Structures are given as C-alpha cells and as structure tokens.
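Welcome, and please open the model in your viewer. We will walk through it one selection at a time.

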Amino acid sequence: MNEVEVLGREAGVRTRPESLEDVQEILKHAYGSGSAVIPWGGGTGQDYGAPPRKADILLDLSGINALVAHEYADMTVTVQAGMTLAALQEQLAQHGQFLPLDPPHSEKATMGGILATNAFGPLRLGYGTVRDWLIGITVVDAQGRLVKGGGKVVKNVTGYDLPKLHVGALGTLGVIVEATFKVSPKPETARTLVAQANPGRDLETASTRLWNETRPVSLLLHEEAQGRFLVALYHGTETVTDDAAQRGAEIATECGLTPVQLYPGELVPESPDAPVQVRLAASPADMVALHAAAFDALVETEVTLDTWLGVGTLTLSWTPDDEKARTGVARALLLAKVRGAHFTLLHGSLALRSGGLETLWFPAPPARVLHERVKEALDPYNLLNPGRFVCGI
C-alpha cells in the first residue's frame with residue numbers, strides 16, 4: 001500500500017503533528033477548507049472498512065506517542081494515541097503490570113488505532129476487549145476542539161460514556177489523541193495446552209469442560225494443513241497454571257483429544273498475516289458446529305480457520321489469487337448466513353471491498369439511522385474518514 005494511499009484514495013497532503021495542539025490546528029484548517037482527514041496510526045488497520053469517499057489530508061499520528069502518566073499504585077496509565085502497544089507493554093512491565101490486549105502486530109499497532117478499530121485477539125476470552133480497559137479518552141473533533149470524556153481513575157461514572165462511543169468508530173467521530181486505561185498485574189507464569197482435535201472428536205464437551213473447570217484466558221480451535229488443534233492458554237501463579245494445565249490435559253484425554261502436549265509460556269498461534277481475512281460471529285455455543293460446517297465447505301483449500309471458543313468468532317484467512325479458496329469461502333459464508341452468523345471483512349483488496357456494503361458487513365446494523373444521527377451531530381460536514389464506517393457513514 002502506498003504510504004499516502006488508503007484503499008485507492010491518495011491523500012494530497014501527509015502531515016505528522018508532534019503535539020495535541022498541532023492536531024487541533026490541522027483539523028481547524030481542514031474544517032475551514034472542507035478538507036477530508038484520514039487519521040493514520042501504525043497502518044495495520046487501514047484496509048478495514050469501506051474505501052473513503054474523499055482523502056485530502058493523511059494525519060499521521062505516530063509523532064504523538066508519549067507516555068503521559070503511569071499511576072502504577074492506582075494501576076492506571078495515560079498514553080498518547082501514537083504509542084504502540086508493544087512500547088506501552090515494555091513501560092508497564094517495569095512495574096510488573098500489563099494491558100491484557102493482544103491484537104495482531106502489537107509492535108506496529110498504535111493505541112489510537114486499536115481503539116478506533118476495536119482490535120482484539122484470543123485473550124478477549126479471559127480479559128475482555130479494549131472497551132473493558134478504557135476509562136478516559138481525549139479526542140479532537142472535526143472543528144479542532146479538544147474534547148475529553150471519562151477520567152483517570154477506575155471508579156468514574158460522571159456524564160455520558162464518551163470513551164465507548166469512539167471505540168470501533170474508525171475515527172469517523174473524532175481523532176483520538178490520548179487515552180487512559182486501567183491495567184493488570186503481569187501474570188507470574190503462563191502455560192499452554194495443545195491437543196490434537198481431529199474431526200469426530202468430542203470438541204463440544206471438551207471446550208465446555210475446559211472453560212468451566214480450568215478457566216483458560218484463551219481457547220482457540222486452530223485449523224491448518226497439519227491438522228486441527230485445540231489450544232488453551234493459562235495465566236497466573238506457577239501453582240495455578242500448572243494445576244489448570246494438568247486438569248485441562250486430563251479433560252482433553254477423556255474427550256478423545258490426543259495427543260496432548262503442555263508447554264511453558266505462551267504458544268498460541270499468531271493470527272495469519274493473510275491478505276484476505278473474514279471474521280464470522282455467532283453465539284459462543286454454536287462455534288464448534290460453525291467451525292465444522294466451515295471446514296466442510298473449505299475441503300481441499302488452503303484457507304486457515306481460527307475459532308475463538310467462548311468468544312464467538314471464527315476467522316478465515318487466505319490469499320486473493322486462490323480461486324479454490326474464494327469458492328470455498330463463498331460456500332462457507334452462505335452456510336454462516338443460514339446459521340444466523342454475522343460476518344465482517346477484516347482485510348481485503350479494493351476490488352473485493354467495492355462489491356457492495358454487504359461484502360464488508362453482514363447484516364447491516366439495525367441502528368443505522370442512529371449511527372447517521374451521531375455522525376451528523378459530531379461531524380456535520382463529513383470530513384473525518386468520510387464513508388469508511390458501516391453503511392458508508
């Protein structure tokens with residue numbers, strides 16, 4: 001992707017502010033001139049959403065990347081939006097703390113971008129998403145005004161929940177410049193259980209028992225050319241993780257998921273860095289059956305399947321020039337629709353994204369009118385990432 005191009009739209013100007021005041025001045029100028037602004041963090045999520053209708057200014061936020069405050073006794077941290085998750089974790093680790101988020105590409109993904117796309121990974125099962133850890137936010141609105149919501153303490157119930165409004169909004173309601181999070185003690189140890197989970201094994205019972213009896217922080221059903229694997233990750237003290245992993249191995253064996261291997265540390269497969277990715281969402285109780293149906297539709301293809309059990313998401317990853325994969329995925333998505341699943345195109349080419357809004361999000365949200373009204377109130381001239389959000393908002 002061209003550095004100043006977003007899904008086929010090339011920005012006329014790229015600017016890299018180094019302070020919140022710089023961001024304000026840029027947005028004031030854009031508002032006065034009617035220029036469309038495309039916020040840019042680490043670039044890891046720039047092919048998510050619809051192509052922008054207009055792109056005049058690419059606002060590179062990597063220059064505002066400071067750690068503003070770390071109140072480690074209160075277990076909160078305030079950072080500027082351009083700081084990467086990996087850099088933040090390094091700072092927190094000095095005080096035995098971490099922010100329990102694991103979206104892909106943590107070394108490049110910025111905190112502002114993670115918030116704007118609501119990015120998450122397998123740890124969502126045990127720790128929740130970025131929404132659950134966010135307690136305060138500062139944004140610059142379309143007119144260049146600094147707007148703050150939430151606070152810098154964990155117990156904060158004053159006013160409208162502005163922070164949550166911006167999570168997953170793709171920067172269409174304001175440019176996130178600063179955020180405050182609660183943090184967690186860094187786990188003493190981690191243990192990983194990997195069990196062979198070939199078709200025909202009792203995955204439903206195994207996954208339910210693993211969650212109810214051992215409480216893993218992530219539970220992944222991973223499908224690749226080498227086979228199908230159930231991967232459980234445990235965090236805690238050495239005694240807690242050892243006991244949980246051992247009990248997990250017993251459960252997997254009792255359910256016919258063999259062989260079972262236990263490993264020290266975290267060995268959860270990383271999300272594939274594939275050019276095309278679709279995420280399916282359904283009730284957590286339906287995920288094993290949905291995974292099996294998708295697998296049947298994708299026989300003899302090189303599509304990778306990752307189902308996050310207990311969370312209710314299944315990710316399909318493949319390369320765009322694989323005709324067999326495209327045909328198989330089309331079958332899988334049809335089956336998903338019949339089963340009442342939702343799906344979102346996470347990564348894909350401009351051509352794929354130009355196939356209509358249903359290609360990007362299915363089904364369209366019932367609250368479309370409400371989305372449009374909020375956008376009109378906060379960005380009346382549609383200058384912030386215009387057209388990129390659901391339904392082309």
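Helices (H or I, at least four residues) and strands (E, at least two) are DSSP runs, numbered from the N terminus. This is a predicted model, where local features need pLDDT of at least 70, side-chain atom pairs count only at pLDDT 80 or more, and totals for chains, interfaces and linings use all residues. Residues are numbered from 1 along each chain as its sequence is written, and side-chain values use heavy atoms, with hydrogens and water left out.

**Stop one: the sheet.** Select β3, β5 and β4, which lie in that order in an open sheet of 3 strands with parallel pairing (strands pair if DSSP finds at least two bridges between them). β3 (13-15) and β4 (37-40) are the edge strands; each has a single partner, so one side of each lacks a neighbour in the sheet. From one strand to the next, the twist averages 20 degrees.

**Stop two: a strand pair.** Now select residues 57-60, strand β5, which pairs with β3 in the parallel sense over 3 bridges. Which residue of β5 stands opposite Arg 14? It is Leu 58.

**Stop three: the helix.** Select residues 20-33: this is helix α1, lying across β3, β4 and β5 and running at about 170 degrees to β5. Angles run from 0 to 180 degrees between N-to-C directions, with axes fitted to C-alpha atoms, for helices over the stretch in contact (heavy atoms within 4.5 Å).

**Stop four: a loop glycine.** Finally, pick Gly 41, in the loop between β4 and β5. Gly 41 touches Gln 46, Asp 60 and Thr 110, leaving aside residues up to four places away in sequence.
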